[in-house]
Amino acid sequence: MSEIDSLKAQLESLQSEALSAFDSAADSAALQLLRVHYLGKKGALTEVLKGVGKLPPQERPVIGQYVNQAKAVLSAALDRCEATLSAQGKSARIEAERIDVTLSGRKLPAGALHPVQQGLDEITAIFAQMGFAIAEGPEIEDEFHNFDALNIPPEHPARAMHDTFFLKDLTHGDAAEPMLLRTHTSPVQIRTMKRFLAENGEPPLAVVAPGRVYRCDYDVTHSPMFHQVEVFKVDRDVSMAHLKGVLKHFLSTYFEKDVGIRLRPHYFPFTEPSAEVDISCVFCAGKGCRICKGSGWIEVLGSGMIHPNVMRSVGVDSSEFSGFAFGLGVERLVMLKQGIPDLRLFFENDVRFLRRMGVPL
Amino acid sequence: MKIPFSWLKAYVPLTATPAQIADDLVRLGHEVEAVELPRAAVHGVRVGLITAKQPHPDADKLSLLKIDIGETEELAIVCGAANMGEGDKVPVATIGTTLPGGLVIKQGKIRGETSFGMCCSEVELGLADESAGLLILPADAPVGAQVGEYLTLEEAVFDLSITPNRGDCMNARGIARDLAADAGLPFTDISVAEIAVDTAVTTPRVTVSAGQDAPVYMARRIDGITLADSPAWMQASLLMAGMRPINGVVDILNYVMLTQGQPMHAFDADTLHGDITVRSAVDGEDFAALDGRELKLHTGDLVVSDERSVIALAGIMGSAASGVSEGTVNIVLESAFFRPARVSETRRTYAMVSEASMRFERGVDPAVVAMAMQQATALIIDLCGGTSGEIAVCGDAGAINAGRTVSCSLSRIESRLGVAVPAALDVVLARMGFVMQRDGDLLTVHVPSFRHDVTIPEDLSEEYARVIGFDAIPTLLPPLATTAPVRPDRFIHDAVAGGFLQAVTYAFISADEQRLFVADDGLDIALANPISDAMSVMRRSVWPGLLNAARRNLNRQQPGVALAEQGRVYLRTDAGHDENNVLAWLMTGEVEQDQWYGDARAADFFDLKGAVETWLQVRGLNGRFIADDSMQGLQAGQSAKIMVGRAEAGRIGRVDTDLAEQFDIDAPVFVAELNLDLLPQGKQAKFAPLAEFPAVERDLVFLFDRGVSSEAVLNAVRSGGGKLLTDARIFDRYDGKGVPDGKVSLGIRFGLQDAKRTLTQADSDAASSAIIAAMDKRFGAALR
Ligand SMILES: [Zn+2]
């Protein structure tokens, strides 16, 4: 056998030996060792090239060509095996890292707004979007703001119906007149109008005033503390039609449906005319059910055109300006909207209730 | 106020159904609480005669009754009432009867004694919401008769809620007048035959010296009556109207009041001395009222007096001594108009409410004063016999509200209502007693004397609204205002975002609870008329309310409670009083529960402190927590005041364990409170370039004395660490094995960065050395 044939045979056997070694390599690391062993600077192929020196010069390129071919074949095979092994390794890792995605996530503690707060937020937001400014006032009030300025003089029978909490040894200024806990949010109407007029001279103004109010009345359907929102607007040419428009828009937005409204003539000292406002029953769509006592209507709030005596008490000329006002009970609206059966639930602060009502339905 | 249908029909020929009438009443502004339907349900309740009454052998409060209901055998019935005796007739619900409340009567044993039925009060018959014992039927009630038929209970009753402006409608006559006008039906007053005057009967003379307060006062003496029970029809209708029959005279006066609207009073003439004067009381004058109260009167109180003493607080209540009783034979009747504000003030002064005062306060119809006197006289003579004297009158009913006129422009009414008011409406108002006159845009209205509430143009707009109906008014959105809406605060919302449930607790707590966290410094505000001791003082801290809520929840097996409340606290100040807006937190029990990824963890101080810090951070504020052992109700060593800016804005700490125990809470409880009114406005951040060169971090661990404040350590690191120092924090704290007693090991991690270049080893070595020196100098702390 010539020298060149012997080298060729040597190369061929080296190549097939390497290929089978590559195939049986267990992992990437073993493959890397084999790459060094066969293709490295001091590897087996380089060893073969060392024998080229013994060949006559004209035959050397031929062998060089063979060596390069073998190098290319082995490199390609190595890359192929590398890819295969790496794919196998990854899928093994993936399998090993498999988790139970149905286990509970790591939860942050979830808080919740009280349903009354949610109601207050919703109600004030609706009026704020209609251009009503938000105002607040004190809970400890004097008789002037809670009663007299609202056209409820001391001898007025309506004053007795308010079940007022009076404060012990706390009087208004130098007078002997006792301070009280406000029985409604209407005094904010007086305070806000006075402030507004002092700053701006004359109407228009439109205000929504949320807050806590107090009545000395405690049973299954009465809480001594509850929340009201007072809404009023004073401008030129404000009419009952506007009152109806605002009520309809507000109640339909709040209850997220086109609710029917009905106004019934009523009496409040601070409005004239006055009206109780009913909505078509949200439980039976007006057909009549237990909640609406079969009438198809549910009373939701009291309203009316601001009485000229109230306008006078804050210095508004009632021959030039008119206004509407209404006050609504937040707990009542929230109970109707969210189907809460018992007023007392609001003040028990049972966390199961708070969590339940905190989740948007 | 309850009005049987037949009372209305006595004035107006109504043909509509009770349901239709109810709708009309609502439209006219009279709230209908209920229309009680015919009481067929009481079928089975029969008139029973008590033939024997013995005490129950085993129960003091029960009686064993034998009752004759007209059957062959008497019924044995066990009864818990006390107001009946042998010979009384009472309603007996026999076995099988279903009462209006749904109760079905069965044979049963009560404390060992068998009862074959039940004796009824007004409550069981659905006639009243409360009663003081069994309903005692008239003596002539036929034994065995169906009570429903005997009392003619089979008719509709309107339960109305009359608004305080409509004194004229607190009776059947006024309501009937409104209905007649609305429906265009004729209204007819009840006619009373002329009463023969017996000249032998001398009515006392009447003088009114307080003419403003009693514009008309009438009296009439009736002699020789025999007090009898009122007739069954009257008793029945009074019962349906919710009033208990008492005796003939009282029932007749109540009947006249409920139907005609005029409160009247009857004095026993033989208890009176001389003539009658209506006058202002003398300061300190004594008055022993019919309800048993002894009053010292004040100047200004309007009284009716004879020549010796006060016989009535005008319009409110008669005296005990002058009342009609069993043996009364001669009486003096009173019918008057008392000024509403006068009656109201006296009623408030003595907290003395009566059916009469409610009507006088709201204003009665002046035209009825005389009419009622005639009707009552006729009814009394008819029932009890006797003869009557002349009516003594002082004042003129016709002068009350006479000639009251309201005029205004029609367009003003139309602009207030937002709808036109055509002249056709005037016809309806005319039927209601108004005299309507239009002259172009000018409207002039003569107001009837019984409408005390119509005095200004706006009142006319209400009358028009009533007759036109609110449904006829269009629904219009007004032009929207251009006021910029105020951005709502997010105080409670951010607290809730931190994992807390929002609580709403009462603003009043008990005096004991107030003392838990606030010393008695005289600044509490108490309620003058609290509902209970538990709700008697305006809170100065929200914590007691939250502790009560926590107790309730822990009792309901909640493993942990995290609550937050935004509300007000109240206290006296030099200027009077103040209300502060506060935000309060409470945390107790497990903050984390056992999970597959970790174990349960109980809340500690730092859970709550973290929540407060984050809450402040969200609004651009920083809190400094300064240890304070002197805070009432909080455990020393685990409590701090919270400084925000220059203000001491709040407190945080662990609730004293004895105190927590008072709320039945064993686990540590942590509470915090911030005064929202003291918080400064958070600063909005200004932009600063973001660093481009890499930062390095280094750790140093020192041994400190155990009481060291980590805040002080970090402040010293920050001030001594050089200008490259960007941040420092405690990354490790250890005082276990290997650390000498009285010492604590703190690991400090600090960051270094330069905006202009990459840092070198020399930079971090220099910073480390500076910090080591600072810790040694400031705390005597050595590297560990
Ligand atoms: Zn319904």
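The legends below describe close-up views of a predicted model.

**Figure 1. Extent of the interface between chain A and chain B.** Contacts join 86 residues of chain A to 81 residues of chain B. Between the two chains, about 7,300 Å² of area is buried, with carbon and sulfur atoms giving 60% of that figure. On the chain A side, the residues that lose the most area to chain B are Lys244(A), Pro265(A) and Glu272(A), which together give 8% of what that side buries. The size of an interface is often given as the accessible area lost when the parts come together.

**Figure 2. Polar and charged pairs between chain A and chain B.** The count of salt bridges between chain A and chain B is 4. In the salt bridge between Arg568(B) and Glu139(A), the closest N and O atoms are 3.4 Å apart. Polar contacts between chain A and chain B number 36 residue pairs, both residues of each pair being at pLDDT 80 or more. Helix α9 of chain A, residues 240–254, supplies 8 residues to the side of chain A that touches chain B, the largest share. By residue class, that side of chain A has 43 nonpolar, 21 polar and 22 charged residues.

**Figure 3. The zinc site in chain A.** Which protein atoms are the donors of the zinc ion? They are the SG atoms of Cys281(A), Cys284(A), Cys289(A) and Cys292(A), and they lie 2.2 to 2.3 Å from the ion. The arrangement is tetrahedral because the 4 donor atoms subtend angles of 102 to 113° around the zinc ion. Along the sequence, the spacing of the donor residues is C-x2-C-x4-C-x2-C.

Figure 4. Most residues other than glycine have a negative phi, and most peptide bonds are trans. The peptide bond from Pro203(A) to Pro204(A) is cis, its omega being near 15°. Pro204(A) sits in the loop that runs between α8 (186–200) and β5 (205–214) of chain A. A cis peptide bond also leads from Glu272(A) to Pro273(A), with omega near -5°. Pro273(A) belongs to strand β8 of chain A, residues 271–280. Glu272(A) is also among the chain A residues that lose the most area to chain B. Glu256(A), not a glycine, has a positive phi of about 55°. The loop between α9 and β7 (261–268) of chain A contains Glu256(A).

**Figure 5. A salt bridge between two helices of chain B.** Over all chains, the structure holds 65 salt bridges. One salt bridge pairs Arg466(B) with Asp178(B), and their closest N and O atoms are 3.2 Å apart. Arg466(B) is in helix α12 (residues 457–468) of chain B and Asp178(B) is in helix α4 (residues 172–183) of chain B, so this pair ties together parts that are 288 residues apart in sequence.

Definitions and conventions. Residues numbered from 1 in each chain as written. Chains lettered and ligands numbered in written order. Predicted model: local features only at pLDDT ≥ 70, side-chain atom pairs only at ≥ 80, totals over all residues. Heavy atoms only, no water. Contact = heavy atoms within 4.5 Å. Buried area = accessible area lost by both parts, 1.4 Å probe. Salt bridge = Lys/Arg side-chain N within 4 Å of Asp/Glu carboxyl O. Polar contact = N/O pair within 3.5 Å; in protein donor to acceptor, adjacent residues only side chain to side chain. Helix = DSSP H or I, 4+ residues; strand = E, 2+ residues; numbered from the N terminus. Nonpolar A, V, L, I, M, F, W, Y, C, P; charged D, E, K, R; others polar. Donors = N, O, S within 2.8 Å, 3.2 Å for Na, K, Ca; no water. Tetrahedral: all angles 85-135°; square planar, octahedral: opposite > 155°, others 65-115°.
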